[in-house]
Amino acid sequence: MDALQLRRQLIEYTAELFSEGFLDEQFTQLQQLQDENNPDFVVEVVSLFFQDSERLLNELAKSLSQQEIDFKKMDAHVHQLKGSSSSVGAHRVQRSCISFRDFCNAKNVEGCLECLQKMKHEYSLVKDKLETFFDLEQQLSTTGGSPPPP
Amino acid sequence: MECKCFDPQWPADELLMKTVAIVMTTAKVFTAAVSCITALMLVHIIPDLLSVKTRELFLKNKAAELDREMGLIRTQEETGRHVRMLTHEIRSTLDRHTILKTTLIELGRTLTLEECALWMPRRTGLELQLSYSLRQQNPVGYTVPIHLLVINQVFGTSRAVKISPNSPVARLRPLAGKYIPGEVVAIRVPLLHLSNFRINDWPELSTKRYALMVLMLPSDSASQWHVHELELIAVVANQVAVALSHAAILEESMRARDLLMEQNVALDLATREAETAIRARNDFLAVMNHEMRTPMHATIALSALLQETELTPEQRLMVETIMKSSNLLATLINDVLDLSRLEDGSLQLDIGSFNLRSVLNEVMCLIKPAASVKKLHVVLNLTEDLPEHAVGDEKRLMQIILNVVGNGVKFSMEGSILVIASVAKAEFLRDTRSPEFFTVRGDNDFYLRVQVKDSGSGISPQDIPKLFTKFAQNQSLTLKSTGGSGLGLAICKRFVNLMDGHIWIESEGQSAANRVQNSFPGLKVLLVDDNSVSRAVTRGLLLHLGCEVTTVSSREECLHVVSQDHRVVIMEVCVSGVDSYDIAVQIHGRFTKLHERPLIVALTRNTDKLTKENCMRVGMDGVIVKPVSIDKMRTVLSDLLEHRVLF
């Protein structure tokens with residue numbers, strides 16, 4: 001594929017991510033922060049996000065499997081995850097964190113378990129999408145095309 | 001002689017004497033008895049007599065006293081009647097002079113005064129001037145300084161004070177030798193100011209200005225001031241004060257009313273002039289409208305017909321140019337007319353229900369031909385929350401979007417145009433940079449957000465303000481293209497404003513890549529955030545703005561690292577926020593001098609007042625609400641550095 005087509009594909013894909021709610025404005029902000037001093041900013045931040053989220057999701061799973069569930073600790077974890085996801089613009093993940101928090105406050109274990117599954121699902125979805133996105137960007141830059149403006 | 005009468009035992013004269021003796025004894029006995037009885041009775045009678053006499057005396061006294069009291073009551077009643085009448089007279093008028101004159105006359109009559117006068121303080125407040133007098137019609141020229149002992153005495157009490165007839169205020173006419181002047185009484189009359197009448201406040205007792213009322217009894221009459229008369233004077237003085245202030249208020253309000261009337265007249269005139277001007281302009285436009293369009297349409301129609309005929313290639317080219325120019329001219333005329341109607345507010349939106357999605361799709365259809373000619377790719381993106389139908393001005397909305405997208409196509413050489421239509425979220429609305437943009441939302445209203453992103457050459461920052469100004473052309477743009485009457489975006493802006501919306505452009509300047517904005521070169525910032533991801537993002541934001549950023553992830557680290565070098569400390573404040581508040585307190589404690597202490601800013605998602613208040617309380621200099629855009633951070637930092645405070 002030539003640069004122009006790749007570019008077009010990237011633009012369409014990005015648009016899709018936005019319209020389906022996977023990403024929001026905040027992601028655009030991240031893209032705007034990428035400059036000559038910081039050429040890999042977005043990738044770096046998103047990688048951090050992946051690491052952090054996986055850790056937090058594991059912690060949540062562990063907490064929920066305990067005999068005595070520490071709701072406070074879970075609340076702290078999900079608060080962190082909510083903060084991270086909103087910082088990168090992972091909109092759907094953020095929304096699922098809010099639902100989880102509600103269940104947690106109500107001390108509804110069933111609800112929490114269900115919600116956790118949903119969160120994991122959303123996370124893996126957005127992870128896939130972002131990885132594809134970065135892939136496309138990578139391809140575009142190797143073919144020498146200029147990246148589209150955020 | 002013998003007589004059958006019997007021989008009395010006793011002789012006749014003895015019998016007579018005996019009878020007399022018996023009678024006398026009886027009489028004596030009776031007399032004695034009577035005397036005895038009288039004497040006995042006298043013992044009882046005398047105290048009774050005495051008591052009767054005493055009672056008589058007592059009753060007489062009482063009667064005299066009652067008489068006196070009756071006299072007093074009658075006088076008081078009369079006085080009271082006088083006061084009521086006086087008050088009635090005074091209150092029945094709102095004219096200051098009448099009030100005072102009436103007072104003096106009535107007082108003079110009631111109390112049979114020789115002279116009654118009123119001294120008013122002069123504007124300077126240092127002298128009293130004789131303003132009204134009973135006997136003299138137009139008193140002129142008499143003034144006394146206000147700081148005389150006798151005057152101070154009178155002003156110091158609210159009661160009537162007897163003063164010497166020789167004091168300057170009482171000497172109203174030349175003293176002739178043989179007159180013994182009558183007693184003089186003076187009393188203060190408080191002059192209440194408008195400002196004393198505040199709502200829910202009583203007038204202050206310490207009013208600064210008093211007038212002096214002087215009352216003189218007739219000379220050579222030896223009459224004296226009675227207590228009830230002095231009381232009457234005090235009452236009257238108060239009434240006068242109230243009546244005077246009413247009169248003053250009335251004068252004020254009448255003056256204000258006159259002023260208002262003048263202003264109204266002036267405004268009316270201005271309105272009429274403006275209306276005349278507008279009507280003249282509209283007439284002109286209407287005429288021009290018709291006059292200009294007719295030849296225009298003729299040219300266009302005939303050129304079109306000409307194109308249908310047999311033409312040589314050169315002729316065809318010429319006719320095409322004529323068509324193009326005429327069309328441009330027609331558009332320009334329409335635009336000018338539209339704009340002037342927009343500007344004077346006479347243009348009204350045609351509100352109706354329409355299919356939002358189909359409008360957007362139609363715009364795409366219209367623009368695709370032009371785009372594909374330039375090998376540009378146009379993509380339309382409709383978010384899922386966009387409603388199918390909407391109520392608004394369909395035609396003009398399409399005009400606006402078409403115009404903007406058209407500009408995108410016109411000024412892009414290669415690449416693609418992306419149009420995203422969505423429903424604007426609350427955070428977005430709050431964040432828009434324009435101070436004139438107030439969002440007004442009803443329950444059923446929504447803000448349609450249309451983003452048109454192109455990959456054109458960009459617009460330099462100095463040209464941006466001119467974009468939406470009519471007739472202002474950008475030098476660089478005119479070189480490139482043939483389009484652009486210079487009005488299109490101006491009209492778009494007007495239409496958008498009419499719809500209570502906002503339109504703006506964000507351009508990266510001459511290159512497509514993001515530039516580092518060196519807004520705050522070398523500004524040392526300490527960032528405190530325990531969330532690694534959000535910390536990285538904020539750090540990136542600050543680096544992009546040219547700051548030198550140090551990051552820490554905990555309270556301890558922060559306090560360990562913070563120093564005078566750091567100009568700003570930005571800390572993430574979450575719901576509990578206990579740690580962050582404590583950091584602020586600690587920093588205040590450590591850096592007591594204002595210029596040494598770094599500015600402390602909280603970064604939070606919370607928008608509630610409590611968070612803000614807590615931050616203020618612990619001495620933070622500002623609060624930034626997430627999400628933060630580059631522009632927001634830039635604005636915040638520059639405000640902070642300039643004013644040292646954000647609240």
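The following paragraphs go through a predicted model, from confidence to chain A and then to selected residues of chain B.

For the complex as a whole, the predictor reports a pTM of 0.42 and an ipTM of 0.92. Chain B has a mean pLDDT of 80, and 82% of its residues reach 70 or more. One covers residues 474–485 of chain B, where pLDDT stays under 50 and where the model has 14 contacts beyond four places in sequence. The other covers residues 509–513 of chain B, with pLDDT below 50 and 6 contacts in the model beyond near neighbours in sequence.

Chain A has 6 helices and 0 strands, so its elements read α-α-α-α-α-α from the N terminus on. Of its 150 residues, 50% count as buried. Among the contacts in chain A between residues at least 6 apart in sequence, 68% join residues at least 24 apart.

One helix pair in chain A can be followed in detail. Two packed helices are described by the angle between their axes and the distance between the axes. Helix 1 of chain A (residues 3–19) packs with helix 6 of chain A (residues 109–142) at an angle of about 160 degrees, and the two axes lie 9 Å apart. An angle over 145 degrees counts as roughly antiparallel, and helix 1 and helix 6 of chain A are therefore roughly antiparallel to each other. The crossing of helix 1 of chain A with helix 6 of chain A is left-handed.

On the side of helix 1 of chain A, the residues in this contact are Ala3(A), Leu6(A), Arg7(A), Gln9(A), Leu10(A), Tyr13(A), Thr14(A), Glu16(A) and Leu17(A). Helix 6 of chain A contributes Lys129(A), Thr132(A), Phe133(A), Leu136(A), Glu137(A), Gln139(A) and Leu140(A). Sorted by class, the contact between helix 1 and helix 6 of chain A has 8 nonpolar, 4 polar and 4 charged residues.

Leu140(A) counts as buried because its relative accessibility is 2%. Leaving aside neighbours within four places in sequence, Leu140(A) is in contact with Ala3(A), Leu6(A), Arg7(A) and Leu10(A), and also with Gly145(A), Ser146(A), Pro147(A) and Pro148(A). Leu140(A) and Leu10(A) are 130 residues apart along the chain, yet their C-alpha atoms are separated by 8.4 Å.

In chain B, Thr103(B) sits in helix 2 (residues 96–110). With a relative accessible area of 2%, Thr103(B) is buried. Residues up to four places away in sequence aside, Thr103(B) touches Leu86(B), Ile90(B), Val236(B) and Val240(B).

Several loops of chain B hold backbone features worth checking. Thr112(B), in the loop between helix 2 and strand 1 (115–121) of chain B, has a phi near 45 degrees, a positive value in a residue other than glycine. Its relative accessibility is 53%, so Thr112(B) counts as exposed. Lys375(B) also has a positive phi, of about 60 degrees, although it is not a glycine. Lys375(B) lies in the loop between helix 6 (356–373) and strand 8 (377–382) of chain B, and is exposed, with a relative accessible area of 67%. A cis peptide bond, with omega near 0 degrees, runs from Lys626(B) to Pro627(B). Pro627(B) belongs to the loop between strand 16 (622–625) and helix 16 (630–643) of chain B.

How values were computed
Residues are numbered from 1 along each chain as its sequence is written. Chains are lettered from A and ligands numbered from 1 in the order in which they are written. This is a predicted model: local features need pLDDT of at least 70, side-chain atom pairs count only at pLDDT 80 or more; totals for chains, interfaces and linings use all residues. Side-chain values use heavy atoms; hydrogens and water are left out. pLDDT is the predictor's confidence in each residue, from 0 to 100. Contact means heavy atoms within 4.5 Å. Axes are lines fitted to C-alpha atoms, for helices over the stretch in contact, and angles run from 0 to 180 degrees between N-to-C directions. Helices (H or I, at least four residues) and strands (E, at least two) are DSSP runs, numbered from the N terminus. Angles under 35 degrees count as roughly parallel, over 145 as roughly antiparallel, 65 to 115 as roughly perpendicular and the rest as oblique. A crossing is left-handed if the near helix is turned anticlockwise from the far one by less than a right angle, and right-handed if clockwise. Ala, Val, Leu, Ile, Met, Phe, Trp, Tyr, Cys and Pro count as nonpolar, Asp, Glu, Lys and Arg as charged, and the others, Gly among them, as polar. Buried means under 20% relative accessible area, exposed over 50%, partly exposed in between (1.4 Å probe, protein chains only).
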